[in-house]
Each structure stands twice: as C-alpha cells, then as structure tokens.
Amino acid sequence: MWAMSYGSSSIAFDTLQSCKQHEPYVCSSYLDKIKNVKLRNIFTKLRLGCNRLNAYSHRDKTDCDHCNTPETVLHMLFTCNLPKLKSVRDNFLNQIDSKSPTFAAMSITDKLSHILNLDFDNDEVVKLSCSFVKNIYNLRFNRKEPITQ
Ligand SMILES: [Zn+2]
C-alpha cells in the first residue's frame, strides 16, 4: 500500500516537473514561492478580487473609507493615504528599490503584477514582497493573528 501510494505520488511529481519544463506558465510561480497556507490564501484572494475590500464587496459602498476612491487591491497596496498603510508601504518601497533597481522604474500596475505574481528572481525581494502584502492586509482588516512566512 505504501509502495503504491509512494509510486503514484512520484509519478505525479514527475509530471509536474515536466509540465514546468515545457509549459512554464501552467504552474503559477507565486504558489511555489509561498510556504505559509494563510499567506497563500491572502495572495489568491487578492489576485481573484475575491476579498473584503469595498470595491469587490457587492455592497453600495465601493470607496475606501479613508480616501473616497474605489478600494481596489491596487489602492490598498499602493495609493491609500491611510497613515498606517502608507508607513508600511514607504518602508517597503525604500527597501525594494535598493534591492531591485528595475522595480522603481516600473509603472504602478506593473509593480502590482510583479508583487501578486511574486515575479522576482531574488529570494530576498520575494520575502520582502510577501511581508509587505501580509502586513498591509493585516492592518487593513485588523487581523491580530500573525502570519509567518
Ligand atoms: Zn484609501
């Protein structure tokens, strides 16, 4: 029994590896780069627009409570003026600009795409991006429980 289940999971693993080799976009890279399940869920919710931000909530109010502009993922991560979010963002941008010179030159939508896809070769930049998203998300939704990477 053990040998059988090991055998089948081994085949599945080989298939996955070969799928990555031939179709690099079939397997999403952000899932591979995030080990923590809660953090993966946060990334997935933000990527799918399936989250509690006002712009996706299907209620009458779609604007940010603080800024009176639609509260999208882009707004929460990059343009919200709420001081606690701005402070985390400024700190993140200072750090990432020194580690990834190309990031600073990107448009805001490219920055968002790179972060939500964790499309970085540098592990340090991936970790920095994960903790940025986690911290902003926790601050926005006042989550008390820490999420470790
Ligand atoms: Zn705002």
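From the N terminus on, the elements run α-α-α-α-α-α-α-α. That makes eight helices and zero strands. The model is a predicted one.

**Confidence**

Mean pLDDT over the chain is 82. Of the residues, 77% reach 70 or more. Helix α1 (residues 2–22) has the lowest mean pLDDT among the elements, at 43. Helix α4 (residues 73–79) has the highest, at 97. Residues 1–27 have a pLDDT below 50. Beyond near neighbours in sequence, that stretch has four contacts in the model.

**Burial and contacts overall**

The chain has 149 residues, and buried residues make up 16% of them. Take the contacts between residues at least 6 apart in sequence: 48% of these join residues at least 24 apart.

**The core**

The largest nonpolar core has 16 residues. Those with the most contacts inside it are Ile42, Phe43, Val73, Met76, Leu77, Val133 and Ile136. Which of them gives the most? It is α8, with four residues.

Leu77 is among the residues with the most contacts inside the core. Leaving aside neighbours within four places in sequence, Leu77 is in contact with Leu112, Ile115 and Ile136.

Two packed helices are described by the angle between their axes and the distance between the axes.

| Helix pair | Angle | Axis distance |
|---|---|---|
| α3 and α8 | about 80° | 11 Å |
| α5 (residues 83–99) and α8 | about 175° | 10 Å |

How are α3 and α8 oriented, parallel or perpendicular to each other? Angles from 65 to 115 degrees count as roughly perpendicular. At about 80°, α3 and α8 are therefore roughly perpendicular to each other. On the α3 side, Leu39, Ile42 and Phe43 make the contact. They meet Cys130, Val133, Lys134 and Tyr137 in α8. By class, this contact has six nonpolar, no polar and one charged residues.

The α5 pairing runs another way. Angles over 145 degrees count as roughly antiparallel. With an angle of about 175°, α5 and α8 are therefore roughly antiparallel to each other. From α5, the contact uses Lys84, Leu85, Val88, Phe92, Gln95, Ile96 and Lys99. From α8 come Glu124, Val125, Leu128, Phe132, Asn135, Ile136, Leu139 and Arg140. The classes here are nine nonpolar, two polar and four charged residues. Ile136 of α8 is part of this contact, and Ile136 also touches Leu77.

**Loop residues**

Most residues other than glycine have a negative phi. Asn68 is not a glycine, yet has a positive phi of about 55°. Leu118 is not a glycine either, and has a positive phi of about 45°.

Where do they sit? Asn68 is in the loop between α3 and α4. Leu118 is in the loop between α7 (108–116) and α8. Is Leu118 buried or exposed? Leu118 is buried, because 20 other C-beta atoms lie within 10 Å. Asn68 counts as exposed, because it has 8 C-beta neighbours inside 10 Å.

Asp65 also lies in the loop between α3 and α4. Asp65 is exposed, with 10 other C-beta atoms within 10 Å. Asp65 and Leu82 are 17 residues apart in sequence. In space, Asp65 and Leu82 are 9.3 Å apart, C-alpha to C-alpha.

Definitions and conventions
Residues are numbered from 1 along each chain as its sequence is written. This is a predicted model: local features need pLDDT of at least 70, side-chain atom pairs count only at pLDDT 80 or more; totals for chains, interfaces and linings use all residues. pLDDT is the predictor's confidence in each residue, from 0 to 100. Helices (H or I, at least four residues) and strands (E, at least two) are DSSP runs, numbered from the N terminus. Two residues are in contact if their C-beta atoms, placed from the backbone, lie within 7 Å. A nonpolar core is a set of buried Ala, Val, Leu, Ile, Met, Phe, Trp, Tyr and Cys residues joined through C-beta atoms within 7 Å. A residue is buried if 20 or more other C-beta atoms lie within 10 Å of its own, exposed if 12 or fewer, and partly exposed in between; C-beta atoms are placed from the backbone. Axes are lines fitted to C-alpha atoms, for helices over the stretch in contact, and angles run from 0 to 180 degrees between N-to-C directions. Angles under 35 degrees count as roughly parallel, over 145 as roughly antiparallel, 65 to 115 as roughly perpendicular and the rest as oblique. Ala, Val, Leu, Ile, Met, Phe, Trp, Tyr, Cys and Pro count as nonpolar, Asp, Glu, Lys and Arg as charged, and the others, Gly among them, as polar.
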